[in-house]
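Have a go at each task before reading its solution.

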Amino acid sequence: MMQNLPWLFLVLPLVAAAADWLLLARRPRMAAGVSITSVLATLVLCIACMCGLQTGTPADYTWFPVQGIDLSLGLLIDALSIKMMLVVTGIGALVHIFSLGYMKGDPSNHSRYFAGLSIFMFSMSCIVLANSLVLTFIGWEMVGFSSYLLIGHWYHKETAADAAKKAFITNRVGDFGFLIGIMLTLGLFGSLHYADMAGHMKVAAGSPVLTAAILFLFCGAVGKSAQFPLHVWLPDAMEGPTPVSALIHAATMVAAGVYMLVRLQVSMGLYAFTDTACSVIAAIGAITAVLSALMAAQQDDIKRVLAYSTLSQLGYMIMAVGLLAGEAAMFHLYTHAWFKALLFLAAGAIIVCCHHEQNIWKMGGLRQKMPLTVLCFLAGTCALVAVPGFSGFFSKESILEAAWGRSLPLFIVGIVVAAFTTFYMVRLCLVAFGGRARTRDAEQAHEAGPSMLVPLFILAAMAIISGYGFVADRLVPFADFHAESTEWNVTFFAGLGSLIVGGGLAWFMYAKSAADSAQSDPFGSHIISRILRRRLYIDSFYDHLLIGGVQRWFTCLVSCIDDGVIRRLVGHGLALLTAWTGRLLSRIQGGSLRGYTVVASLGVFLLILLLIILF
Amino acid sequence: MTPLSHYLIFSALLFSIGLGGAIMRRNVLVVLMCLELMLTGANVALVAFSRAQGLEGIPVYDAQVLALFVMAIAAAEVAVGLSLIVAMFRARRGVESTSLTSLKD
């Protein structure tokens with residue numbers, strides 16, 4: 001009994017989701033209560049496990065027996081998974097509580113919303129606790145599904161419905177590669193269980209098949225963690241409610257790709273990650289980091305700035321994975337989860353208090369209206385831009401450290417991205433919080449309620465302290481993690497330099513317009529700004545190539561078949577044939593008794609003739 | 001002894017007359033009578049064959065039994081047929097087969 005306790009991580013949210021959906025659809029308060037209870041219970045269980053509650057190995061569940069392949073589903077409880085669960089359930093619990101305040105007064109169905117959150121908690125726990133790629137993949141698809149539900153929560157808004165579809169379909173592309181990768185892994189290692197992978201590789205290290213397998217698995221991470229070229233769905237996913245963006249599209253789900261890759265590195269062994277695969281992974285991460293930091297620099301929507309910033313931080317983590325620094329990747333994942341959830345929730349509080357205004361050029365002066373929220377947001381900002389002493393600083397430095405040791409270009413990319421990060425965050429803070437209120441909505445802004453402020457305080461505390469050794473050593477999801485003390489070396493000064501350059505540039509460019517309460521970006525009409533605002537034309541490129549090109553041709557082909565073959569030939573043709581035959585046959589039903597008799601007797605004569613001829 | 005062919009020719013004649021009448025006459029009553037004629041023709045053939053197939057003056061009785069069956073069934077058929085004709089006459093004041101086109105129209 002005791003050994004099966006970890007299954008509660010999966011069962012509780014699932015039961016909560018089912019109850020919300022099926023029984024409590026008309027009782028939103030109770031549904032919220034059930035969801036929050038379930039997430040708090042999992043959080044308590046998780047803390048208990050971390051404090052040394054020994055549960056033993058949970059029993060496997062045999063999904064369906066296949067000759068020679070073990071497809072059982074089971075849980076893997078180790079330092080990596082259980083500490084990751086703390087991040088998931090911890091932020092999950094705070095987001096659930098924050099949602100109470102955020103969704104108050106929203107006319108949509110709250111039961112549906114909380115059911116979506118619970119089903120997300122279930123699927124995310126599947127990914128984190130899975131002991132084999134099978135369960136990981138199931139969770140992988142389930143988080144995609146719950147993300148679809150939650151992005152499209154306000155489905156009556158066309159943009160939200162479109163964004164939900166875009167997220168789901170883009171993820172499918174990556175998941176297809178992931179599935180191929182899983183098949184290849186099964187072939188190469190003979191098992192999908194993480195515990196059975198090490199040392200069972202059937203090919204030589206560095207073989208092309210292995211590279212292919214790793215890169216196909218990486219495809220899954222590219223989709224889920226929104227890396228270039230599949231990054232387009234994440235900014236659009238901001239159409240969902242802000243707590244959802246904080247939980248799913250900043251802290252946990254999008255980090256699942258990083259988690260999965262690190263899990264594979266740990267279980268397969270680092271030598272399974274061939275040089276080619278690593279270079280590709282690191283390059284994709286670096287490209288994503290640079291491109292999205294650039295795009296973030298000219299966004300006006302507060303959530304979109306944060307979304308692009310998430311992309312760019314995920315790029316950092318993927319880059320660290322490519323540099324075989326799984327430890328640094330998980331460290332950054334963990335600090336990023338706290339401070340980015342903080343930033344999103346604070347942004348959510350600001351959005352609610354500004355009557356759902358998301359454009360930073362219509363805010364302004366918020367530092368007087370809602371000082372506590374703004375203070376929390378600034379704490380998150382400091383962590384994100386890696387101000388020394390805040391959590392992001394430690395984790396970012398460990399990634400830069402890893403890059404410094406292995407590849408100079410990647411190190412430079414990391415520094416440049418750090419400078420851009422500072423630039424867009426300082427710009428955001430200056431414009432949104434500085435100066436005077438630009439609109440009536442911002443004028444009437446007021447401090448958020450306690451159900452929103454308390455989670456913000458907790459997250460702000462984590463954003464500040466989670467990077468220090470005494471916290472990080474205990475909580476970072478990596479076995480035997482040890483935070484290194486800060487040294488006065490190249491990475492430290494490079495990071496500090498990027499901070500000063502980026503911040504200084506932003507101050508130089510935007511301090512005046514913030515103080516003057518300009519109504520829009522003074523550089524908005526500049527050519528570079530226009531290119532960045534159009535998201536470097538990547539989305540338009542996809543629109544033209546895939547939707548305008550491939551899909552239109554395909555639509556033509558399908559409609560030709562539909563119209564020509566199905567409608568004309570099968571539909572009309574069959575109708576005509578039937579009518580024609582019917583008219584022909586109706587002639588012989590003339591209604592004349594004589595005719596019938598003649599035909600019948602002729603038939604008899606023919607039969608007799610046939611008999612005579614044949615026999 | 002009369003050869004078999006004579007009987008068969010006679011039976012064929014009866015049958016043909018019956019068939020011709022059934023096709024050509026319009027009065028349903030006459031058509032019914034012509035049907036009886038055709039059955040009789042068939043019976044004649046049956047009995048003739050039964051005699052011809054018999055050994056040493058003893059006919060094959062199977063065919064004769066069949067002929068009796070045919071007569072019995074013909075009688076039953078006439079009973080049904082006549083009552084139908086009566087019903088038809090009551091309904092439409094005539095027994096012309098060409099007037100039976102209400103389903104077609």
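The exercises below concern a predicted model, and each task is followed by a worked solution.

**Exercise 1.** Work out how helix α11 (residues 275–296) of chain A and helix α12 (residues 302–322) of chain A are oriented towards each other.

*Solution.* Start with the geometry: the two helices pack at an angle of about 160°, and their axes are 7 Å apart. Next, apply the cut-off: angles over 145 degrees count as roughly antiparallel. α11(A) and α12(A) are therefore roughly antiparallel to each other. Finally, check the hand: α11(A) and α12(A) cross in a left-handed manner.

**Exercise 2.** Describe the residues through which α11(A) and α12(A) meet.

*Solution.* On the α11(A) side, look for residues including A:Cys278, A:Ile281 and A:Ala289. On the α12(A) side, the partners include A:Val305, A:Leu311 and A:Ile318. Then sort the residues of this contact by class: 17 are nonpolar, 7 are polar and none is charged.

**Exercise 3.** How many residues of chain A and of chain B are in contact with each other?

*Solution.* Count each side in turn: 8 residues of chain A touch 9 residues of chain B. The chain A side divides into 2 nonpolar, 5 polar and 1 charged.

How values were computed. Residues numbered from 1 in each chain as written. Chains lettered and ligands numbered in written order. Predicted model: local features only at pLDDT ≥ 70, side-chain atom pairs only at ≥ 80, totals over all residues. Axes fitted to C-alpha atoms, helices over the stretch in contact; angles between N-to-C directions. Helix = DSSP H or I, 4+ residues; strand = E, 2+ residues; numbered from the N terminus. Parallel < 35°, antiparallel > 145°, perpendicular 65-115°, else oblique. Left-handed = near helix turned anticlockwise from the far one by under 90°. Contact = placed C-beta atoms within 7 Å. Nonpolar A, V, L, I, M, F, W, Y, C, P; charged D, E, K, R; others polar.
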